[in-house]
Structure formats: structure tokens, C-alpha cells
Amino acid sequence: MDVTTVIELLLAGLGRGAIYALMALGLALIFGILNIPSFAQGEFYMVGTYFGWVGLSILGLGPFVALLIAAFATSLVGICCEKILFAPLRRFAGEEWLVNVFVLTLGLSLVLQNVALVTAGPLYYGAPYFWGPGTADLFGFRISYDRLMIAVLATTTIVIFWVFLKRTRLGRTIRAVAQNADAASLTGVNLGRIYTITFGVGCMLSGVAGALMVAILPAYPTMGIIPLYKGWFVVIVAGLGTIGGCISIALLLGVLEAVGLLVASEGWQSFLYIIIICILLIFKPFGVFGKREVRGIWEK
Amino acid sequence: MALRIGSVVKRFGGLLALNDVSFEVRSNEILGLIGPNGSGKTTLINCISGFYRPDSGRILYGEKNLTRLKPYEISRLGITRTFQIVEVFPKLSVLENVMVGMAFSNPIDLNETRHKSREILEYVGFPREEGILARYLNTGQMKLLSVARALASSPKLLLLDETVAGLSESEQTKIADLVKKINTELGIAVLLVEHATKFVMEVCDRIVVLQEGRKIAEGPPEEISKDEKVLEAYLGREEI
Amino acid sequence: MGEMKKITMTRITWKNIIALPSLALMIATPFVVRDSYISHIFILALLYGTLAASFDFAVGYLGIVNFGYAAFMGLGAYTSAIAAVTFGINPWLGLLLGGAAAGLLGLATGVLTLRLYGIFVACFTWFLGMGLMFLVAVTPEVTRGYLGLSVPFFPNVWILDFTDPLRLSYFTIMVILSLSILSLMYYLGNRTKMGLAFRALRGSEPAAMVCGINPLKYRVINFTITCAIAGTLGSFYAHYIRILTPNLLQTSQTIQILVIAYLGGRGSLWGSIIGAFLIITLLEVLRPLEAYRFIIYGVILILVMIFYPGGLARLLTRKELY
């Protein structure tokens with residue numbers, strides 16, 4: 001195998017990794033700030049994909065606009081869920097919040113999957129291209145325009161997200177809530193609003209991931225399971241550490257996967273993922289690098 | 001067999017709950033453990049019974065060091081306890097509550113367990129029917145039930161954590177008599193944690209006094225009631 | 001009347017009075033009606049009711065929610081099916097094999113995870129179920145994956161002809177299996193030291209510990225038993241439905257069992273059976289709503305989670321087994 005192929009694999013892997021990073025960041029954000037281990041996040045990915053398809057194939061809009069529509073539509077769905085489901089649960093919450101909310105997300109996942117099944121049907125809905133046909137020549141390495149733009153836009157989204165979190169007032173407020181919700185609310189922060197916004201942002205990230213991939217992974221109702229466990233894989237390994245940690249693990253994963261595909265089929269990879277997750281959960285339930293606390297992710 | 005508590009230290013974050021506590025519970029005595037709120041009495045009981053692990057020090061029962069053992073392992077060694085906030089099995093009947101105490105420390109079948117548990121209930125003079133669900137008892141009866149349950153596991157050392165708190169005079173006397181009976185008739189050693197100092201003075205052979213995690217006095221009741229440090233610790237509180 | 005709990009063997013309550021005739025009615029109906037479809041409904045209702053009761057055995061006593069429960073059932077199903085198809089093993093033996101396989105996995109899972117918090121067990125079992133489903137899907141050489149594994153009938157025994165389209169022989173076996181399992185759970189829960197330990201742990205874990213009860217040991221025992229039961233029922237299902245796909249193991253199936261356990265099983269073992277009958281007949285009657293079945297389950301689950309602050313375990317813990 002020559003260097004060119006290796007580099008090309010690497011590029012493809014990084015592109016994948018960026019998508020996984022979006023999923024992982026969404027999960028980590030929602031878990032870190034709202035203390036919700038969301039097992040419905042894959043369904044928000046799915047929603048994003050459907051909206052991406054609508055934007056690209058039905059409305060014939062360009063990739064940027066379609067992406068924006070998908071992002072906002074998905075976050076809207078997320079916001080509705082937060083207000084209708086999670087906010088009331090928080091109000092009625094018993095001592096067993098974590099188990100309850102986990103089960104609730106499973107129920108939500110089931111509902112979203114089957115609503116999609118009932119409304120859109122069991123067929124696959126995609127688009128031939130996200131960006132356009134053809135292959136780009138990047139300093140002598142070939143990568144399809146689609147994958148290139150997916151990687152670029154995914155990275156851009158992550159950067160925007162990072163800037164939002166670190167540099168904007170809203171972002172700082174969100175991080176303050178993550179550190180200490182009670183203290184934050186004492187300084188006048190409206191916790192409910194922050195929770196809703198944060199959940200919306202988390203869903204937006206997943207929706208963007210889904211929409212970006214619409215040409216590669218077309219929309220169908222139960223597609224969400226794979227992005228879900230891959231996202232959780234990253235979060236479990238990175239242990240809810242820093243944003244950087246999540247992203248690096250995600251990129252690493254993307255590359256490993258791209259290489260791994262030469263050896264094992266997609267199916268066996270799925271199985272391997274789960275096995276590793278199971279082992280990690282038993283022996284290192286708080287993450288390979290993480291500390292024992294489950295919240296406090298954005299403390300850096 | 002004596003219970004020897006040696007230099008036990010227990011911290012919770014920045015708080016030093018037990019600070020180098022040492023004393024002994026002899027094999028046939030009733031030892032009282034008293035002290036103002038927050039002096040570490042219940043913490044010590046939790047350490048002895050395996051619910052907390054001391055940061056340093058040893059708790060020896062005979063040859064065995066209890067500090068690394070789990071509560072159910074310690075129970076098998078013959079040490080059992082009651083809880084400050086009384087713990088019964090609310091949806092089990094009175095008889096079944098006692099049966100639980102007996103069934104897992106004795107290799108006997110359920111029928112025999114039932115018979116023997118009845119005997120225990122009789123021995124403690126439990127005032128109500130054996131078929132009543134424990135959740136319907138009043139506090140005093142629940143406390144008596146938990147003592148009965150503790151007895152059922154054939155202990156050699158009984159740790160009683162604030163058994164008479166909140167009970168009426170007559171109920172306290174009943175418990176006091178029961179504790180003495182257990183000690184003299186069955187030869188069971190008792191370590192008694194209490195707030196009600198009058199009760200302790202009457203029942204116990206010796207008393208250990210804790211304050212803010214330290215032992216400040218140890219000796220027979222007459223001595224303790226005159227001890228300067230003890231009186232100071234209880235200043236403004238109950239008359240000893 | 002609620003205060004007293006008679007320690008005697010039988011209690012004359014209105015539940016007892018209704019129970020026996022209802023039971024007789026339930027057993028007799030398929031034989032009287034002699035309709036293949038009715039037999040099918042009754043078999044499924046009994047099957048899911050027993051599964052729910054068994055699922056509840058873990059939740060109700062020990063607050064352990066096994067989110068991979070359907071996968072344990074599926075493990076039993078595939079074990080028995082593959083044993084029959086690839087190794088020619090008698091399906092009757094397959095019942096035992098399926099139960100054993102699921103029980104062993106349950107034992108391993110229990111030992112490894114039950115010392116952790118409830119959320120970990122819930123999460124872990126969810127992933128485990130997923131892993132099992134992937135394993136089945138990714139080994140089509142053995143399991144035929146999504147193409148479907150064709151499973152043989154039970155071999156005919158005495159007067160029981162399993163090729164009979166009326167499925168009455170299957171119904172008979174289902175009844176026997178179901179009653180045996182329910183009786184076993186009742187016996188274990190109420191007439192053994194083990195059951196006393198379960199009930200004590202449910203009442204107060206600290207008090208149970210000072211009585212010499214090792215919580216982990218009993219959690220593992222309980223968990224293993226429920227998994228073994230799921231496996232056995234799965235094996236039966238394999239030879240009944242006679243075609244298996246990995247979809248049998250997915251989360252939505254566990255949720256179905258969970259919903260049945262909640263809706264019916266809050267009271268008792270019988271409650272699970274009744275709940276199953278209600279739900280399954282309801283779904284059959286509302287045939288046009290078939291597509292919405294899982295939406296309904298999901299919504300029920302969500303509503304339960306929101307409006308019962310004690311949550312799933314607390315809810316299902318309000319059980320008096322009898």
C-alpha cells in the first residue's frame with residue numbers, strides 16, 4: 001500500500017471522525033449540562049438526515065441552505081422535546097433521575113423512529129451528492145468533493161461551536177451552569193432557558209452530522225442506532241473530559257475505522273464497538289481518562 | 001471474646017469524625033457510648049459493623065480485624081446491630097422480620113426458623129401479633145422488633161444505636177430490662193449508643209464518653225457522672 | 001384486613017375466588033374455540049405475560065432493570081434453533097440449552113455488573129442486548145441473519161401433534177411452561193430462604209446486610225434466574241414461530257415486555273398475564289393501529305417516567321407476589 005493511499009485513507013478517516021465528533025459533542029453537552037444520558041441522540045441525527053434530504057432533493061436547495069435548514073429544524077425538534085418531556089421530568093424528578101431519564105430517552109427514541117417509519121415509510125431517502133460530483137485534487141491526493149466538503153463543514157461547525165462556548169456570553173453562561181447550576185441560578189441565570197438552549201444546540205450538532213452525510217448514509221427510520229453508539233463510544237472512552245479530548249478520540253476513531261474497513265466488515269466493526277463499550281463500562285465506567293465525577297465536563 | 005478498638009481514625013472530607021479512638025468492649029459487659037451530638041458515636045458503630053471503613057486503626061474481634069470486612073461478613077462473626085433511624089422490613093410481617101435475622105446466620109430450614117423466631121418474639125415480650133406487617137407498628141414497637149431481629153442472629157456482641165431515643169419512660173424501662181436480661185441470661189455483650197444518659201447510667205457496667213471524635217473519659221457510671229470533662233461537654237444539657 | 005398477613009398456605013381473598021375459574025377459562029378457550037388465530041393470540045399472551053412476570057422478578061425485588069431482556073430471550077431462541085438446525089439436537093433438549101445459555105450469560109453479566117449503580121446495569125444491559133443483536137446479524141453463516149432462520153417444529157410427543165395448524169399442542173406446552181415458571185417464581189419468592197432474602201433486600205438493604213445477607217450474591221442469583229427463564233421461553237418461541245430474525249433481540253421488544261410488566265404486573269404474577277392478555281388482544285382488535293404499536297409503547301413509557309417520580313423500579317416494586 002503506497003503513501004498516497006494511506007494519506008487518502010487518513011483524509012477519509014478524518015472526515016468520518018469529524019462527524020463522530022459532532023455526535024459525541026452533542027451527547028457530552030447534553031449529558032454534561034443537563035445530566036441527561038441521551039439514548040435518543042441517534043434519532044436527532046436521523047431527523048437531520050431527513051431534513052437534509054428534503055432540502056437537497058425535494059426543495060432543490062443548495063448544500064449550505066439545506067444544511068442550515070436541517071440544523072435549525074433539528075434543534076427545533078430538540079427544543080420541543082426538551083420542553084415537553086425533559087423539563088416536566090426534572091420538575092417531577094425522583095431520586096432516580098438518571099435511570100428515569102435514560103428510560104425516557106429510550107422511549108423517545110422508539111417514538112421518533114416509529115413516527116419516521118409511519119410518516120416517511122421504510123424506504124431510504126437520500127441524494128446523489130451533498131456538494132457535487134467529482135473528485136478534488138488536494139496537493140496530489142484525491143478525495144471526492146462530497147467528502148471534502150463534509151469534512152470542511154463539519155470542522156467549521158465544531159469550530160463555531162467551540163467559539164460559541166468559549167467566547168460568547170451565552171456560551172460562558174452555559175459553562176457556568178455545567179460547573180455549578182445552583183450558583184449560576186443564584187446569579188440570576190434562568191436555568192430552564194439554558195437547559196432548553198443547550199439541548200437545542202446539542203441536537204443541532206447531531207442534525208448537522210446527519211444532514212452532511214445524507215448522500216453517503218441516506219435517511220431511513222432506524223438509522224440512528226449506529227451514530228448513537230459510536231457517539232457514546234467516543235464519550236465513554238474520552239470520559240466526559242474536555243472538548244479537545246472528545247474531538248481527538250473521535251478523529252482517531254474515524255481514522256481507525258477507515259483503516260479497519262480493510263480488515264473487517266462494517267458489521268463486525270459494530271460488534272467490536274459494543275464489546276469494547278461493554279468492557280469499558282465494567283472496568284472503567286468513568287472513562288479511560290476521566291475522573292470519577294460525571295458532570296463538570298466543561299470545567300477547563 | 002473482647003472487641004478491641006485501636007486508634008481508629010475516620011475522616012469525611014475535611015471533617016475528622018473519629019480521632020484516635022481506643023477502647024475495649026469486654027465479652028460479658030454492657031458498655032455505654034455517650035457524647036454530645038456529632039461526637040462520632042454512630043460513625044464508630046458504622047465502622048465496627050462494616051458500613052464505613054476507618055482511615056486508620058484496627059478493630060479486633062478476637063483475632064480478626066473487622067476494618068476490611070463487609071457488614072454481612074461481620075454479622076457472621078457474631079456481631080450485629082440496630083440502626084439509629086430504625087430499619088425494619090416494612091412489608092414483611094413481624095415474624096418474618098425476625099426470621100430474616102435468624103435464617104441467614106443459621107443453617108436451619110424455614111419451618112424451624114419460624115418456630116425459633118416465635119420464641120424470640122416471646123422472649124422480648126413483643127406486644128403485638130406476629131402476623132402484622134412491620135410498617136404498621138409504632139416507633140417503639142419497631143425498635144423492639146429490630147432488637148428481636150438482632151437477637152435472632154445469635155450474636156455474641158450487640159451494637160444498639162440509640163434504641164430508646166424518642167421513647168416514653170415506660171418503654172425505656174422495658175428496653176433497659178430487656179438489655180440487662182439479654183446480657184445476664186444469654187451472655188451477650190452489648191455496646192450501647194445513647195443520648196439518654198439516665199438510661200445509660202442505669203443499664204451499663206462501664207461507659208465511654210466521646211466528644212468531637214475523641215475519647216474523653218472511660219469508666220464505671222459513678223465515675224463518669226462526676227468527671228469534670230464529661231460535665232463540661234454536656235454543659236447546659238441533661239443533668240447526669 | 002390489609003394489616004394482617006396470614007402465614008398460612010392459602011388465603012381466601014376475592015383474588016383467589018376469581019383466579020381459579022379465570023385460569024380454567026383461559027386454558028379451555030382455545031380448545032373450545034378451535035381457531036388457529038385464537039390459539040396464536042393466547043399463546044403470545046401467555047408467552048409475553050410470563051416474560052413480563054419474570055422480568056418483573058428482577059425489577060420488583062431488586063430494582064434491576066434489564067434492558068437487554070429481549071436479547072436474552074433471543075439468545076435462548078437462537079441457541080435452540082441452531083442446535084436443532086446445525087447439530088440436529090432435539091428441540092425439547094433445546095429448551096434446556098436455551099435456558100442454560102441465557103442463564104450463563106446472565107450469571108456472567110450479573111457478576112460483572114451488579115456491584116455498580118442501577119444506571120450502569122440499565123445502560124450495560126442495553127448495550128449487551130445491542131451487541132447480541134449485532135452478533136446474530138453479523139454471523140449469517142450460522143444464524144442466517146436478516147434472511148431468517150428456519151426452525152423445526154417440536155417433535156410429536158404422545159398425543160401432541162405440533163404440525164397441527166390449530167396449534168393446540170403448542171398451546172398446551174405454553175400453558176405447562178408458563179404455569180411451571182410462574183409457580184417456580186412464586187415458590188422461590190415466598191417459600192425459600194432465597195425469597196426471604198430478596199424480600200428483605202427490597203425492604204431495607206442495610207438491615208438485610210446486618211442479618212448476614214450478601215446483596216451482590218442474591219442480586220446475581222435473581223438476575224441469573226430471570227435470564228434463564230427468558231432463554232427457556234425464547235427457545236419455546238423459536239420452535240413455535242419457526243422463523244427467527246435478529247429483530248427479536250432489539251430494544252423495542254424489551255420495551256414491549258416492560259410496558260406489559262408495568263401495566264399488568266404492578267400487583268402480582270397474575271397481573272403480568274392479565275396485562276399481556278389485555279395488551280395483545282387490544283392490539284389485535286385495533287389491527288389498523290399495528291403500525292403505531294411502538295409509538296404507543298414509547299409514549300406510555302415516557303408518560304410513566306414523567307408522572308411516576310419513583311420511576312420504574314419503585315413502581316414495579318409495589319408488588320406482593322402471591
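1. Helices α2 (residues 36-62) and α12 (residues 269-285) of chain C pack with their axes 7 Å apart, at an angle of about 135°. That angle makes α2(C) oblique to α12(C). The classes are: under 35 degrees roughly parallel, over 145 roughly antiparallel, 65 to 115 roughly perpendicular, the rest oblique. Axes are lines fitted to C-alpha atoms, for helices over the stretch in contact, and angles run from 0 to 180 degrees between N-to-C directions. The crossing of α2(C) and α12(C) is right-handed; a crossing has that hand if the near helix is turned clockwise from the far one by less than a right angle, and is left-handed if anticlockwise.

2. On the α2(C) side, the contact with α12(C) includes C:Ile41, C:Leu44, C:Tyr48 and C:Asp56. Among the α12(C) residues are C:Ile273, C:Phe277, C:Ile280 and C:Glu284. By class, this contact has twelve nonpolar, four polar and two charged residues. Contact requires C-beta atoms, placed from the backbone, within 7 Å. Ala, Val, Leu, Ile, Met, Phe, Trp, Tyr, Cys and Pro count as nonpolar, Asp, Glu, Lys and Arg as charged, and the others, Gly among them, as polar.

3. The model is predicted: local features need pLDDT of at least 70, side-chain atom pairs count only at pLDDT 80 or more, and totals for chains, interfaces and linings use all residues. Residues are numbered from 1 along each chain as its sequence is written, while chains are lettered from A and ligands numbered from 1 in the order in which they are written. Helices (H or I, at least four residues) and strands (E, at least two) are DSSP runs, numbered from the N terminus.

4. The contact of α11(A) with α5(C) has 17 nonpolar, three polar and no charged residues.

5. No contact joins chains A and B; their closest C-alpha atoms lie 16 Å apart.

6. Chain B holds an open sheet of six strands, in the order β6-β7-β8-β3-β9-β10, with mixed pairing. Pairing needs at least two DSSP bridges between two strands. β6 (79-81) and β10 (214-219) stand at the edges with a single partner strand each, so one side of each is left without a neighbour in the sheet. The twist averages 15° from one strand to the next. β9 (residues 206-211) runs antiparallel to β10(B), joined by five bridges.

7. β8(B) is mostly covered, with five of its five residues buried (20 or more other C-beta atoms within 10 Å of the residue's own; exposed is 12 or fewer, partly exposed in between). B:Ala189, B:Leu191 and B:Val193 point one way, B:Val190 and B:Leu192 the other. Four bridges join β8(B) to β3(B), in parallel. Five bridges join β8(B) to β7(B), also parallel.

Key:
Two residues are in contact if their C-beta atoms, placed from the backbone, lie within 7 Å.
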